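Hi,

Here is the structure I promised to pass on.

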Amino acid sequence: MKYDIILAGVGGQGILTIAFMLDNAALARGFRIKQAEVHGMAQRGGAVYSHLRFADHEVISDLIPRGQADMILSVEPLEVQRYLPFLHASGVVVSSVHPFKSIPDYPEEKAILDALLELPRALLVDARQIATSNKIPKAENMAMLGAALPFLPFELADFDPFIQAQFERKGDQVVQANRAVLAQGYRMGTAVKERLDAGMPADAAWRETQTLL
Amino acid sequence: MQKKELLLGDEAIALAALHAGISGAYSYPGTPATEILEHVQSKAAEFGVSASWSANEKVAYEGALGMSYCGKRALVSMKHVGLNVAADPFVNSGVTGVDGGLVLCVADDPGMHSSQNEQDSRYLARFALIPCLEPLNQQEAYDMTREAFDMSERFKTPVMVRIVTRLAHSRADVVTGETKAQNALSTPANVAGYILLPSNARVQYDKLVAKQPALEEYAARSPHNRICLDGDRKVGILCNAMAFNYVREAFGDKIPHPYVKVGIYPTPMGLIRQLVEAVDEIVVVEEGYPFLEELLSGVVGVAGKPIHGKLDGRVPRTGELNPANVAAAFGIALESPYTATLPKVPGRPPALCPGCPHADSYRALKLAAGDFPKVPIFSDIGCYTLSFYPPYNAVDSCVDMGASISMAIGAAHAGLHPVTCSIGDSTFGHSGMTGLLTAAYEKLPLTVFILDNGTVAMTGTQDTLLTGEALVKAVIGLGVEPEHVRVLSPLPKNLEENARIIREELEYKGLSVIIPRRTCVQYRR
């Protein structure tokens, strides 16, 4: 049993925080782990990614081979496309709907989202709505993590201690708000997963679940 | 007691050094090595060790050597190009030998994720006749660093641990061990060995050469060098540490050909000879330069046995290895269902942060320089190099730490005026002061910008050693006229005023230093 996940986004969006949470959850469940990330220059607003691999056996390479990722989890829709060659045919894409237009040649937004919804197993998340409705706009990354969890071998409660560890210095209110965002993302992910598993196309599942927000 | 922890490769090295009983750690920030000293710092009080940033890698290396001289164990870490700066003490510490264990961890950056080249530090280890350990995962990074300290004291030599970005910045579960007590303070039994006067140095160099057979034997017997002669002998595989992972990944864990994996140097010549004798042709896969491949190929190659690798293009000569390009070297294509239908995805390079003081500094400089014919801005290593990209299009060079001022000196000698250069406060403390001293002594007509943002920003806001008023005093102390040391506040509202001051100094036919001073927006966030 193995899970290969590409985490993606733009420097400053909290990709490495998602990685920290998943790493620790995987360690707590007894998996072997390798998680390669980007530090240094790219973190100044460039494309940031992480290869996260965990398994019930030894993980060999720090990098996921092309065509073998089980999931792309991205806080930015264009960044999904950058790493799509890593995904295998039945791999899942979990992406935020909100573009981060930090470059002059950013492609047309609608075309990107339409292309994502044509993938067999795609889940778009209005992470901004989830984060702001819980009065913690910076927690979009936690909404994304929550939405991805139904596709992974974890329970929501696995993350309680790591959310505590990550945010406790910012006060209990921030800890609770992050927990709420994670849980709401999780509910959204669960609703979409049920529909995808029942054979519903990704774009229909996206439309149907919008009312849940 | 054994404990399982989740550690970056860098952190595994730091923790291993602490557990190996170091008394101090030394470094200058540089990706991908920065987190080594940061991790030591986070535990410095608990372990009772010194762990502060040095002004540059040479100072760091010499600090570690001085600690070793006193019988204590020391770790020094740096990025690959940092070892160019520290090459002088590094090479000479092979000649002096060491007392307390001295381990250099150097982090190479194949693919240049955050560097100006992808040089391979194994060449420097061989050049200095210093042994080198190359871990292939985080567990080995931990285990080998501990072993390196024991080797260092046993063979009285510094030991290099060479890692690469993918290991430095990749996390894995690591089993860690007991903490060894720190060594007692002592002074060397053989002081003459540290005094490299020619008469002593000849003796020491003979000793260094004489150590080599024992080091070669240690490496040849080490489990870090692995030979397997099973499988299809049409092809044999020779690879170094990280490359071995991708080879295993390509074949689904069961490598169907004989192979040698090298994880410790001096190069195990005997093992490589055995492999070559057993097979019809050899594929060499290395993360880094074709170090083993060049040794193997020599001048005339191996008669009747083709050698494939980076030199004939079987493996890409430049850039980083990955599962796909290593698999391709063995004719295995990693398919993706999506590559055919994918539109071209625009690049997203890093950029100066919103509100960055450097942006305001370059806007003012460009505005002032607009009144003159082309004014080149020789520049340096740091976030401000990102001003190369639009909309700034500011800097004209970035070569190595401190090169900005020294290159501007050459341009002034060539007859250019005005000549400007820009350097950050930390880079100035690292290698800029000697350039400025030269310019001041010669009274050269240069306009030097020292961009003082109060931190080492690019690598994650580590402490800078020279900032604020101390920086101004240092500049004056090096011989710059106080009236031509101008401190600016780089803010959008000051653009016109700053440009006016810069224009004055560009017109001046002498040396001036302009210090735009504003704290980095990333600092302490």
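Below is what I found, chain by chain and then residue by residue.

A bit of housekeeping: this is a predicted model, so local features need pLDDT of at least 70 and side-chain atom pairs count only at pLDDT 80 or more, while totals for chains, interfaces and linings use all residues. Residues are numbered from 1 along each chain as its sequence is written, chains are lettered from A and ligands numbered from 1 in the order in which they are written, and side-chain values use heavy atoms, with hydrogens and water left out.

Chain A

Let's start with chain A, which has 8 helices and 6 strands. Helices here are DSSP runs of H or I with at least four residues, strands are runs of E with at least two, and both are numbered from the N terminus. Reading from the N terminus, the order is β-α-β-β-β-α-β-α-β-α-α-α-α-α. With 213 residues, chain A has a radius of gyration of 16 Å, close to the 17 Å of the globule rule, so it is as compact as a globular protein of that length. (That radius is taken over C-alpha atoms, and the rule is 2.2 Å times the number of residues to the power 0.38.) The C-alpha trace spans about 40 × 40 × 40 Å along the principal axes.

Of the 213 residues in chain A, 61% are buried. Buried means under 20% relative accessible area, exposed means over 50%, and partly exposed is in between, using a 1.4 Å probe and protein chains only. As for contacts (heavy atoms within 4.5 Å), 64% of those in chain A between residues at least 6 apart in sequence join residues at least 24 apart.

Chain B

Chain B comes to 19 helices and 19 strands. A compact globule of 525 residues would have a radius of gyration near 24 Å, and the 25 Å of chain B agrees with that. Its C-alpha atoms fill a box of roughly 75 × 70 × 50 Å along the principal axes. Buried residues make up 62% of chain B. Among its contacts with a separation of 6 or more, 78% are between residues 24 or more positions apart.

Aromatic rings

How many aromatic pairs are there over all chains? The search finds 15 of them. For these, rings of Phe, Tyr and Trp (its six-membered ring) pair if their centres lie within 6.5 Å; planes under 30 degrees apart count as stacked, over 60 as edge-to-face and the rest as tilted. Take A:Y49 and A:Y83: their ring centres are 5.5 Å apart and their planes sit at 45°, so this pair is tilted. A:Y49 is in strand 3 (residues 47–55) of chain A and A:Y83 in helix 2 (residues 77–83) of chain A, so the pair ties together parts 34 residues apart in sequence. A:Y49 is buried at 15% relative accessible area, and A:Y83 is buried at 6%. Chain A also holds an aromatic cluster formed by A:Y3, A:F31, A:F54, A:F154 and A:F159.

A:N178 is in helix 7 (residues 172–197) of chain A and is buried, with a relative accessible area of 2%. Leaving out residues up to four places away in sequence, A:N178 touches A:I136, A:A139, A:M142, A:I163 and A:F167.

Over in chain B, B:L275 belongs to helix 12 (residues 269–278) and is buried at 1% relative accessible area. With the residues up to four places away not counted, its contacts include B:I227, B:L229, B:P258 and B:Y259. The C-alpha of B:L275 is 66 Å from that of B:E505, 230 residues apart along the chain.

Which residues are joined by a cis peptide bond? B:Y265 and B:P266 are, with omega about 20°, and B:P266 is in the loop between strand 12 (264–265) and helix 12. B:P390 and B:P391 are also joined by a cis peptide bond, with omega about 5°. B:P391 is in the loop between strand 15 (377–378) and helix 16 (403–414).

B:L129 is not a glycine, yet its phi is positive, about 60°. B:L129 is in the loop between helix 7 (122–127) and strand 6 (132–133) of chain B, and it counts as partly exposed at 24% relative accessibility. B:K443 is not a glycine either, and has a positive phi of about 50°. B:K443 lies in the loop between helix 17 (425–442) and strand 17 (447–451) and counts as exposed at 65% relative accessibility.

Cheers
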